[in-house]
Amino acid sequence: MQSIALKVGDLAKQTGVSVRTLHYYDEIGLLSPSHRTEAGYRLYGREDIIRLQQIVSLRQIGFSLEEIRECLEQRNFSFDRVIQLHTARLREQIELSQKLLNRLEAIAQATSSMQPVSVEALIQTIEVMNMLGKYYTPEQLESLRQRQELVGEERIKQVQAEWQDLFEQARAEMAKGTDPASEPVQALARRSIELIQEFTGGDPGIAQSLNQMWQQEQPEVVSRGMVDTAVMEYLAKARAALEQTE
């Protein structure tokens, strides 16, 4: 069996895992080096490197450090199982990437049709697709895809029209100076929550990812021009007021 003993700096350099991260894993007891030199330097052996590979794989899959600890403490959670999980996740990512490629090619083809898609619409669509990969996990994207197939294209178009109408009503109330806590705006807030619930299927993880995307990206981009920051903030105040009354 191959014998190996790497100092923390050498391990960091060869794996790309920072020294700071390795020190932190040691500090919390997630990955402690099996050996130390007489001078106190950490030395990582073969089993330590196997454990580090498992940690890195599970982190890429999306596990928290606490979840990783629980997994690695299970006697029946083997090295092969980690590889299987990581492989499955990569296959999902490849499949989703292929689907994204197909969609982009379809959009590109549409530009040469009798009713071409505008360049602005293309750019916004591509940007939104990239954002989906940024904020949603592969599992969440697959769940959204399945939900899209379940509700059908007709309902999706109806919901888009409902959002457009909702934003226009909110913009009108905001222009009139209507208090976000007033009943007309509260009704819009309730409807927006219902539409979000329909989109997410009640999945709190997807709802959290959606909320994060709206908070960190320009509303004009996410909504493809349907709503601006001012209206979104107005509706956010309405939802906040709604939560206080319920």
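Helices here are DSSP runs of H or I with at least four residues, numbered from the N terminus. Keep in mind that this is a predicted model.

Is Glu 173 buried or exposed? Its relative accessible area is 15%, and the cut-off for buried is under 20%, so Glu 173 counts as buried. Setting aside neighbours within four places in sequence, Glu 173 is in contact with Thr 178, Pro 184, Val 185, Leu 188 and Tyr 234.

Val 231 belongs to helix 11, residues 229-245. Val 231 is buried too, at 0% relative accessibility. If you skip residues up to four places away in sequence, Val 231 touches Phe 167, Ala 170, Arg 171 and Met 174. Between Val 231 and Gln 169 there are 9.9 Å, C-alpha to C-alpha, although the two are 62 residues apart in sequence.

Here are the two residues side by side:

| Residue | Helix | Relative accessible area |
|---|---|---|
| Val 231 | helix 11 (residues 229-245) | 0% |

Now for helix 3, residues 46-61. Its 16 residues reach 23 Å from the first C-alpha to the last, close to the expected 22 Å. Several residues in helix 3 are buried, including Leu 52, Ile 55, Leu 58 and Ile 61, and also Asp 48 and Gln 54.

There's a sheet as well: three strands in the order 1-3-2, open, with antiparallel pairing. Strand 1 (6-7) and strand 2 (35-36) are the edges, each pairing on one side only. Two bridges join strand 1 to strand 3, residues 42-44, and Leu 6 has Tyr 44 as its bridge partner.

How values were computed:
Residues numbered from 1 in each chain as written. Predicted model: local features only at pLDDT ≥ 70, side-chain atom pairs only at ≥ 80, totals over all residues. Heavy atoms only, no water. Expected span 1.5 Å × (residues − 1). Buried < 20%, exposed > 50% of the residue type's maximum accessible area, 1.4 Å probe, protein only. Pairing = 2+ DSSP bridges. Contact = heavy atoms within 4.5 Å.
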